[in-house]
Amino acid sequence: MRPIAADDHARRIELLDSFETSGLGWFWATDHQGRIIYLSENAKTRLGLEDDDIIGKPLTELFLSCDGSGQTDDIEKRPLAYYLGARNSISKLQVKLPVRGEDLYVEIAGKPHFDKRNRFNGYRGSAKDVTQMRETQRDAERLSQYDSLTGLANRHRMQTQLDAKLKHFRKDKRVCALMMLDLDRFKQVNDTLGHPAGDELLKQVAARLGQIFGHRGEIGRLGGDEFLIMLPDVDDRGELGDLAARVIQMIAQPYSVNGSRAIIGVSLGVAIAPYDGLDAEELVKAADLALYAAKGGGRGQYRFYSSDLKEGAKLRRLLEEDLRDALHKDELVMHYQPIVKANDYKLSGFEALIRWEHPERGFVSPEIFIACAEDIGMIAEIGEWALRKVCEQAAEWPVELRVAVNVSPTQFVTDGFVEMVQRALQGSGLAPDRLELEITESVFAGDDEHTLSIFKELKELGVRLALDDFGTGYSSMSYLRNAPFDKIKIDQSFVRGSTEEGNNNSAIISAIVSLAKALKMETVAEGTETKDELELVIKRGASHIQGYIFSRPITNEEALDRLEKGELEYEPRGPEKYRAERKTVLRKIGVIHDDHRYKAVLRNISKSGARIEGLANVPVGTEFVLDLGDGQLAVATVRNSRKHALGLEFETPLISDGADGLCTRHRVSPYAIEAAGRPLAALPRDAYGMLQDRRAPTTASIPRFTEVDTSKS
């Protein structure tokens with residue numbers, strides 16, 4: 001029997017030698033003190049070690065315990081030392097071996113070895129290389145967490161990260177901002193240039209977002225053309241507004257996609273924890289509502305979440321339903337705003353502006369319902385109706401004036417657009433050179449050759465072309481070189497505030513006018529409202545003026561009446577000087593003074609101040625804190641006081657909410673309100689301290705003011 005046992009032993013040795021030399025695995029052994037007494041030759045060769053380098057060294061110096069990511073510096077993760085110390089069996093334990101500047105990962109197994117007297121002699125074990133397997137697993141894990149197209153975090157990872165962050169931040173009373181982005185006109189690029197071009201465009205958008213935010217937060221792609229940006233420890237809405245404006249500006253720059261040029265835009269919604277939501281679900285819903293409001297406001301804008309957006313979203317959905325019937329119920333009408341010559345204030349023509357007088361809700365802003373029309377696919381139908389109606393009405397005017405009609409980018413690229421213009425002209429009998437089509441630069445978002453061919457066909461019809469909102473995006477000089485425009489319209493954002501000291505708008509106006517003159521084009525300064533603005537744009541060389549300084553948009557009947565009377569010259573009427581825009585409002589707010597809280601009515605508000613009603617006998621110089629709602633507190637000083645009306649100046653100017661509204665940079669944290677238990681104690685320490693330190697002596701003897709009932713005012 002012994003020869004047979006010897007043969008078995010020899011075979012086992014042969015098999016083990018074959019296993020070692022095959023590279024499928026290694027063997028190792030330690031003495032009772034955990035020191036290495038044996039390591040397979042192929043392992044030593046792979047590690048570049050000799051017996052002198054390793055025999056007698058502790059096993060834990062060769063095999064380094066690590067976590068799933070390969071980290072070895074976590075003192076709580078010492079499984080190998082634990083197994084060895086407890087003399088437990090080891091099974092499928094992954095460890096790391098530093099090898100010639102790289103990391104090698106192996107999976108080890110081992111059992112404690114005892115002699116005939118049950119004395120511990122050390123471990124006998126095996127190991128196999130799992131480095132490639134780990135890399136494959138890591139790649140698979142990355143694919144499960146990151147978007148394969150852009151390399152950004154995917155929806156699952158963003159949700160997981162946001163959940164974890166907000167739970168941790170609630171514990172530490174920290175803040176976190178969330179930006180939700182949706183690309184504008186991306187579908188147009190996909191439709192005109194193809195899906196591969198759309199994919200390339202998404203990659204470039206991701207790269208631009210990375211340039212803006214760097215390592216400040218995590219950027220994710222939720223799918224399609226939606227992105228999410230998480231910004232820990234940011235709650236300054238002034239800073240967030242600046243970031244949002246920069247994103248809008250950067251994303252709007254032209255893209256080179258597979259040899260073609262594309263232009264898109266972006267809309268953003270911003271929500272901040274804990275003010276707008278404490279958990280991930282609440283915060284995402286808030287950011288989504290803010291994004292919905294931004295898109296509803298005309299796109300290419302940002303919005304901060306506020307509690308009244310829920311009602312706004314509900315109203316917009318109702319408007320979308322009503323808009324489907326508005327066209328057929330004759331609720332849409334055309335109004336006309338005069339455009340006058342700068343040299344003599346004589347009427348040059350009109351711009352046609354669509355209006356919706358809702359039977360129940362009254363006037364609906366075009367910014368709202370035009371965006372609705374684009375979302376529900378009605379913009380082409382409404383645009384065709386408007387063009388036909390304008391041509392019919394202008395043909396009846398007793399004076400042959402030009403009329404300008406806005407054309408949406410979606411309508412412009414619709415098949416048969418040129419034929420539609422031709423039908424409108426032929427059906428009305430309007431001379432083609434009296435029709436002026438106002439087009440924004442976004443029509444160049446897709447196929448430039450197709451766009452230029454449409455321009456050529458329109459010019460062959462004899463109509464005029466105007467480039468609208470010039471300078472607000474990234475207008476290329478090639479547009480003006482290749483497209484046959486007759487007019488450039490200077491956007492009102494450059495006219496408004498152009499007379500303020502330190503404002504660069506006047507220089508921009510001069511540059512646009514000089515460019516237009518060199519190209520033999522007319523210029524129209526839009527949105528001119530004050531006499532100092534009128535003087536400036538004329539001085540800068542604008543050939544035509546449009547704005548409230550001469551007239552608001554009027555009905556067709558009013559236009560007909562004026563033309564029939566021969567009233568073709570306008571007189572400028574308006575304020576002498578520009579001042580920060582003051583918005584008329586009517587809502588209840590709180591007024592905090594010392595340890596008292598009063599009710600008041602906010603009548604109007606601007607960045608620098610406000611007018612309130614509801615308190616009487618308030619001396620000039622009194623300092624208040626206005627509670628504007630949603631945790632917004634603004635320190636203000638009474639600058640004029642007449643009966644129960646007070647004019648206030650803010651200590652810190654308000655900022656834009658991305659629309660036509662205003663908001664404070666900071667808000668009172670729900671954490672502070674919860675801890676304080678009452679509104680006054682929740683005031684920011686610096687604001688409350690300022691009231692105490694700067695309070696005018698005349699107010700010290702006035703514990704309370706007289707509250708006035710303004711409900712009938």
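This is a predicted model: local features need pLDDT of at least 70, side-chain atom pairs count only at pLDDT 80 or more; totals for chains, interfaces and linings use all residues.
What covers the buried residues of α21? The cover includes α19 (492–495), α20 (505–518), β21 (522–525) and β22 (544–545). Residues are numbered from 1 along each chain as its sequence is written, and side-chain values use heavy atoms, with hydrogens and water left out.

Helix α21 spans residues 531–539, and its buried residues are Asp532, Glu533, Leu534, Leu536 and Val537. Here "buried" means under 20% relative accessible area, "exposed" over 50% and "partly exposed" in between, with a 1.4 Å probe and protein chains only. Helices (H or I, at least four residues) and strands (E, at least two) are DSSP runs, numbered from the N terminus. After α21 comes Gly541, with a positive phi near 100 degrees.

Phe455 belongs to helix α17 (residues 448–461). Phe455 counts as buried because its relative accessibility is 0%. From Phe455 to Pro484 the C-alpha distance is 7.1 Å, although 29 residues separate them in sequence.

**A helix pair**

Helix α7 (residues 155–172) packs against helix α11 (residues 280–296) at an angle of about 115 degrees, with the axes 9 Å apart. Axes are lines fitted to C-alpha atoms, for helices over the stretch in contact, and angles run from 0 to 180 degrees between N-to-C directions. On the α7 side, Gln159, Leu162, Asp163 and Leu166 meet Ala280, Leu283 and Val284 of α11, where contact means heavy atoms within 4.5 Å. Sorted by class, this contact has five nonpolar, one polar and one charged residues.

**Strands and a barrel**

Strands of a sheet pair through backbone hydrogen bonds, either parallel or antiparallel. Two strands count as paired if DSSP finds at least two bridges between them.

| Strands | Sense | Bridges | Opposite residues |
|---|---|---|---|
| β3 (residues 64–65), β4 (residues 90–99) | antiparallel | two | Ser65, Val95 |
| β4, β5 (residues 102–114) | antiparallel | eight | Val99, Glu102 |
| β29 (residues 632–642), β30 (residues 645–650) | antiparallel | six | Ala636, Phe650 |

Strands β29 and β30 also take part in a barrel, which six strands close in the order β24-β25-β26-β30-β29-β28 with antiparallel pairing. From one strand to the next, the twist averages 45 degrees.

**Aromatic rings**

How many aromatic pairs does the structure hold? There are 14. Rings of Phe, Tyr and Trp (its six-membered ring) pair if their centres lie within 6.5 Å; planes under 30 degrees apart count as stacked, over 60 as edge-to-face and the rest as tilted. One of the pairs is Tyr336 with Phe350, edge-to-face at 6.2 Å centre to centre and 75 degrees between the planes. Tyr336 lies in strand β14 (residues 332–341) and Phe350 in strand β15 (residues 347–358), so this pair ties together parts 14 residues apart in sequence. Both Tyr336 and Phe350 are buried. Elsewhere, ring pairs link Trp28, Phe63, Phe114, Phe120 and Tyr123 into a cluster.

Charges sit over rings too: Arg134 lies over the face of Tyr105, 3.9 Å from the ring centre, and the charged end of Arg562 is over the ring of Tyr570, 3.8 Å from its centre. The criterion is NZ of Lys or CZ of Arg within 6 Å of the ring centre and within 35 degrees of the ring normal.

Methods. Ala, Val, Leu, Ile, Met, Phe, Trp, Tyr, Cys and Pro count as nonpolar, Asp, Glu, Lys and Arg as charged, and the others, Gly among them, as polar.
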